[in-house]
Structure formats: structure tokens, C-alpha cells
Amino acid sequence: MKKTSTLFLSLVSFAFSVNVSALDLNIATVNNAHMMEMKALTPAFEKDNPDIQLKWHIYNEGSLRMRAIADIASAGGHYDVVTIGLYETPIWAKRNWLIPLSPDSSYDVNDLLPSIKAGLSYQGELYAAPFYGESSMLMYRKDILDKANISFNKRPNWTDIQNAAKAVHDPDNEVYGICLRGKPGWGDNMALVSTIANSFGGRWFDMDWQPEINTIAWNKAVNFYVDLLTNYGPPNPEKNSFTEILSLSRQGKCAMWVDASIAASFLTDSTQSKYASLWSYTEAPYQITVNGASWLWSWALAIPKESKNVGAAKKFISWATSKDYIKRIADKNGWANVPTGTRLSTYNNPDYVKAVGDFAKAELTALNGIDPENNTLYPSPYSSVQFVTIPEFVSIAGFAGQTIAEALEGKISVKQALDSAQKIAEREMRRANH
């Protein structure tokens, strides 16, 4: 009896010591499906790394950005790993807010897609590792377009999209010609509107950093966007962003959708929609130029300078963004549900290509076709596509998104929207001494 009690106490003592010695790794991330899947695999990571306990801080996109920048700018040190994007990474790295990752050879940095890797680097060093990446692309119901004798054998322009939307628009049966983001925000409607403006020959700034939001090109682009959604989109398009349009598409209400390529992994989930097998994919539309007609984005994991657990943070990031992690998701949920847009090896995997069909080629073509250095018809002073990597961009594009949403509602004209956005942009650039 005494030996049994002694053994029991020893086991309790051992368990307690293991629990006490495990450090807490605080991770701030966004509440989308791929990130929630990463969180669900916490037990797998902790089993392999018993000295680390993952503590998750889950926010919507807006809250994540506000909390992360507030903490990192004040050197708060509340997070060891933060989820950031292509916009934040070079700005924060330049401000010395991030730890360079310097992954070892087993991570295979050269397997990362060049455009994504370049966007997450600063002065040749990787400061954030991509969890998933995306371009924008055209997703369309082939069955609906076939009935109207419409096909996209080559990359369509926006006029082609307008003609197709007009031909298949059937609001009486709740089938809308096209669904596009209308909800205001620099990462919402402006992600799309920026690429439309680029393709119409517009740019955010000229080479002297003077705003060009109310130019002829921008007016043509935004008038086209407003007319397209007003005539052939769903009701109240100013309320729709990714989540709302995904829901409409799963319900069979969208004939076409131009948005993030990551949407395809949700559209093709047959447990969520009876229309899952009917979608096809091609590159995002352009108008007079393909420069900047498709956006480029990645949600990535980075380490704030004030993290007290840098070693553990690097271990976690390497695990979560590795080839092995992608295979783990494939084994658990199928290859059609893995995070994409990060590694060449994913697109070279025959199991993945078989699972997703023409989407694999369309997404890789889009991602490889993006050149952030040649992002507009005329030269620009910035190296990015749907955003500009300056701190002032958030307020400039945020205001532009709000005024364009008001134009979409019919509250103001497109010209009034763009003139107001131009004035705010000029004010912000004066304040920044650009």
C-alpha cells in the first residue's frame, strides 16, 4: 500500500513538474476556417512539443489588426506569434518590430512561391512565413454559362464579364449575374476595386507620390463597377464581402464571383453545397492592361520583437507553415481542403491536382503571373498590387472604400466619392510629408 501511494505521488509530482515547465506561447490570429483548423491541431503540436503550450487569441480581421499593431507599437509583448499580411510585413520589418525567421534547410525556403516569399521579405530576409496565399480569380458556374453559350477559353476582360452577367442575370429566380465585394474597407471592397482601377489604367499615386484617385481611369473603373453590381448583382451589394458572397454562392445564387482564390476550397466542399461540382475557374478579368488586374495576398505568421519565447515561436511557425503540415491537413480533410498559395510542391503533387481539377492550374498561373514591380499601366512608386505599403494607406483606402460604398448605395455620385477620397488622400500625404 505504501509503495502504491509513493508511486502515485511520484506520478502526480512528475505531471505537475511537466505542466509547470511548459511555456505559454501566445498566438494572435484571424477567425477564418484555415486558421481554426490550425488551432484544432493544437494537441498534435503539443504532443510533439510537450514543453510548449499554445494559447490562442482569435479575432476578426479588423480587431486582429488593431490589437496586433497596438501591442507591437507599444512593445507590449502580449503575443509571441502574430498573423499579419503582405501589407504589414515590410512596414513592420523596416520599423524593427519583427524578428527575422532564418529557417533551417529542412524548411525548404526555396519551395515557397517567389511572389509570396518576396512580399514577406525585407532587405533579403524572410520576416513572416506564409500560412496560405492567394490571388484573385474568376469563379463561375459553368452550367449556367453553358446554357447561355458563354465560355471563357481565354482570360476575359471586364466587358466580357459584363456581357456574361447580363445574359445570365435572373433575379426573379434569385440567380444573379455577378457577385462582388461591396462592403467598405481597405481589405474589403477596395481589394477588388483597386485591381479594377489598375486594369483600367489607374494607380493610387504618381511617381511623385501625388494621389490619383479622381482621375479619368479611376472614374471609368468605379463607374463600371457600380453599374455592373447595380444592374446584375444581388440586392444591397454594399453589405457583401467574402463571407456573405460565399454563402450566396453555396446557395446557387451567384453565376460569377471575382474574389480570393482561397474561396475555391470552400466552394468545392460538397458537404456545404449541392453546387460544389459545378464551379470552374480562370484568371481575374482585366480591361486595358493585365498589370495589377489580380491581387496578391498572404496571411502569414511573424514574431514580434518583444516576444520572450522566440525559439518556441520559430518552432511553431516552422511546424504550421511546413510541407508536413500541408500533408497533415490532406490526411485529415483531403487534398481539396489544404491551405494553398504558399509552396510549389503543393501544385506539383498529383493527389492535390486530382482533387481540385482546373483550379490548381488557374491559381498557380495567377500567382506566377503577378509582378508587384509592374503593378500598373504607368509607372508607380510602390511595389504592391491592391494596396500600397505605406502607413497612410489604411486611412486613405479606408475612406475611399466608404465613399465608393455610398456611391454603390446611390447616396452620392461616383465623381463625388472619388473627389472626396482624393482630398483625404492629399491631406494624409501632406501630413506624412510625402
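Start at threonine 340, in the loop between H14 and helix H15 (344-347). Helices (H or I, at least four residues) and strands (E, at least two) are DSSP runs, numbered from the N terminus. Threonine 340 is buried, with a relative accessible area of 4%. Buried means under 20% relative accessible area, exposed means over 50%, and partly exposed lies in between (1.4 Å probe, protein chains only). Setting aside residues up to four places away in sequence, threonine 340 touches Tyr132, Gly133, Ile262, Tyr347, Tyr352 and Glu363. Contact here means heavy atoms within 4.5 Å.

A word on the source: this is a predicted model, in which local features need pLDDT of at least 70, side-chain atom pairs count only at pLDDT 80 or more, and totals for chains, interfaces and linings use all residues. Residues are numbered from 1 along each chain as its sequence is written, and side-chain values use heavy atoms, with hydrogens and water left out.

Now compare another threonine. Threonine 268 sits in the loop between helix H12 (263-267) and E8. At 33% relative accessibility, threonine 268 counts as partly exposed. Its contacts, again not counting residues up to four places away in sequence, are Ala276 and Tyr281. From threonine 268 to glutamate 409 is 141 residues in sequence and 31 Å in space, C-alpha to C-alpha.

Next, the enclosed elements. Take helix H9 (residues 189-199). Eleven of its eleven residues are buried, so H9 is largely enclosed by the rest of the structure. Among these buried residues are Met190, Leu192, Val193 and Ile196. The cover over them includes H8, helix H10 (216-232), E7 and helix H18 (393-409). After H9 comes glycine 201, whose phi is positive, near 100°.

Strand E7 (residues 256-260) is part of that cover. Five of the five residues of E7 are buried, so this strand too is largely enclosed by the rest of the structure. E7 runs antiparallel to strand E6 (residues 129-141), and five bridges join them. Two strands pair if DSSP finds at least two bridges between them. Leucine 138 has valine 258 of E7 as its bridge partner. In a regular strand the side chains alternate between the two faces of the sheet.

How many disulfides are there? The count comes to one, with a disulfide being a pair of cysteine sulfur atoms within 2.5 Å. Cysteine 179 is joined to cysteine 254, S to S 2.1 Å. Cysteine 179 lies in the loop between H8 and H9, and cysteine 254 in the loop between helix H11 (242-250) and E7, so the pair ties together parts that are 75 residues apart in sequence. The link is left-handed, with -90° about the S-S bond. Cysteine 179 and cysteine 254 are both buried.

Turn to charge pairs. A salt bridge is a side-chain nitrogen of Lys or Arg within 4 Å of a carboxyl oxygen of Asp or Glu. By this rule there are 17 salt bridges. One of them pairs glutamate 88 with arginine 65 at 2.8 Å, N to O. This pair links distant parts of the chain: glutamate 88 is in helix H5 (residues 88-94), arginine 65 in helix H4 (residues 61-73), 23 residues apart. Glutamate 88 is buried at 6% relative accessible area, and arginine 65 is buried at 16%. A network of salt bridges links Glu61, Arg65 and Glu88.

Another salt bridge joins aspartate 108 to lysine 323, with the closest N and O atoms 2.8 Å apart. Aspartate 108 is in the loop between H5 and helix H6 (114-119), and lysine 323 is in helix H14 (residues 323-333), 215 residues apart. Aspartate 108 is partly exposed at 25%; lysine 323 is partly exposed at 37%.

Arginine 155 and glutamate 283 also form a salt bridge, 3.3 Å from N to O. Here arginine 155 is in the loop between helix H7 (142-147) and helix H8 (158-168), while glutamate 283 is in strand E8, 128 residues apart.

Finish at the surface. Isoleucine 288 lies in the loop between strand E8 (279-283) and strand E9 (296-302). At 54% relative accessibility, isoleucine 288 counts as exposed.
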